[in-house]
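Dear colleague,

Please find below the sequence and the structure that I am handing over to you. My notes on what was found in it follow directly after.

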Amino acid sequence: MRWRDWPLRKKLLVVPVLALSFLAGSGIFSTLQGFRQKQNLSSVAEWARIARSDQQRHQALTEGHASIQQLLGWSSSGYPPARCDSLSKTILHAIALADSSLDRRRRACGDPREQALLDATDSGVMRYEVAVKQVLDMVDVDVTMANTMVEPARRQLDLVATYAEKLDSLGEHRVAAAQK
């Protein structure tokens, strides 16, 4: 049947039917894109939370290292031992929190490259903790000797910072991929 042969009533219904079909198709497409966008935003938010946690862990370790310098200053200045012990416990607590944060991150990890970086970071944190404990033990005996032992601890912290930068880079790539 040709267009000319159609009755006027059918010709008048073609435009609204086409418009409704277009609107229904647009609505379905928009809904599907909304679901996809929601998944992308959830992924971006998750990786941003992980990146913030990584930065907080690194900041806690850096602040703990600064507290070692403060402890050395207090010990050489003759501050009360109770105060120095309290600061030592705070330093060890900060390292323990960083280590537990790293354990939580490792449990949530699924990527082998990220797992290798997390294992290396954990190993670095453990070596840093050993070096810090040696410094803290030496503070009670000889502050000058403890001061020389801070450098190896700082090198371990720098190694942990290198791994943290690699984890940040990996996280940035994941966020960029999720935003596409």
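In this predicted model, confidence is lowest in helix H4 (residues 143-179), at a mean pLDDT of 85, and highest in helix H3 (residues 112-141), at 90. The term pLDDT stands for the predictor's confidence in each residue, from 0 to 100. The chain averages a pLDDT of 87, and 97% of the residues score at least 70. Where pLDDT is low, the predicted coordinates should not be read in detail.

Some conventions apply to what follows. Residues are numbered from 1 along each chain as its sequence is written, and side-chain values use heavy atoms, with hydrogens and water left out. As this is a predicted model, local features need pLDDT of at least 70 and side-chain atom pairs count only at pLDDT 80 or more, while totals for chains, interfaces and linings use all residues.

Overall form

The chain has 4 helices and 0 strands, and its pattern along the sequence reads α-α-α-α. Helices (H or I, at least four residues) and strands (E, at least two) are DSSP runs, numbered from the N terminus. Along its principal axes, the C-alpha trace spans about 105 × 30 × 20 Å. The radius of gyration of the chain is 30 Å, whereas a compact globule of 180 residues would have one near 16 Å. This radius is taken over C-alpha atoms, and the globule rule is 2.2 Å times the number of residues to the power 0.38.

Buried residues make up 31% of the 180 residues in the chain. Here, buried means under 20% relative accessible area, exposed means over 50%, and partly exposed lies in between (1.4 Å probe, protein chains only). The chain exposes about 11,700 Å², of which carbon and sulfur atoms supply 60%. Such areas come from the Shrake-Rupley method with a 1.4 Å probe; for residues, only the protein chains shown count as cover. Among the contacts in the chain with a separation of 6 or more, 70% are between residues 24 or more positions apart. Contact means heavy atoms within 4.5 Å.

Helix H1

Helix H1 (residues 8-77) has 70 residues and reaches 102 Å from its first C-alpha to its last, close to the 104 Å expected at 1.5 Å a residue. The expected span of a helix is 1.5 Å times one less than its number of residues. Just after H1, Gly78 takes a positive phi of about 85 degrees.

Two residues of H1 may be set side by side. Thr31 is found in this helix and counts as partly exposed because its relative accessibility is 42%. The side chain of Thr31 reaches the backbone oxygen of Gly27 at 2.8 Å. Thr31 and Ala177 are 146 residues apart along the chain, and their C-alpha atoms are separated by 22 Å.

Asp54 also lies in H1, and it counts as buried because its relative accessible area is 4%. Leaving aside neighbours within four places in sequence, Asp54 is in contact with Arg105, Leu167 and Asp168. Asp54 and Cys109 are 55 residues apart in sequence and 13 Å apart in space, C-alpha to C-alpha.

Helix H2

Helix H2 (residues 81-107) has 27 residues and reaches 39 Å from its first C-alpha to its last, close to the 39 Å expected. Its buried residues include Cys84, Leu87, Ser88, Ile91, Arg105 and Arg106.

Which residues does Leu87 touch, not counting those up to four places away in sequence? They are Ser67, Gln70, Leu71 and Trp74. Leu87 counts as buried because its relative accessibility is 9%. Between Leu87 and Gly64, 23 residues apart in sequence, the C-alpha to C-alpha distance is 9.4 Å.

Ser88, also in H2, is buried, with a relative accessible area of 14%. Apart from neighbours within four places in sequence, Ser88 is in contact with Leu71 and Leu136.

Not counting residues up to four places away in sequence, Arg106 touches Gln115, Leu118, Asp119 and Asp122. With Asp119, the side chain of Arg106 forms a polar contact of 3.2 Å. A polar contact is a pair of N or O atoms within 3.5 Å; within protein, one must be able to donate a hydrogen and the other to accept it, and residues adjacent in sequence count only if both atoms are side-chain atoms.

Yours sincerely
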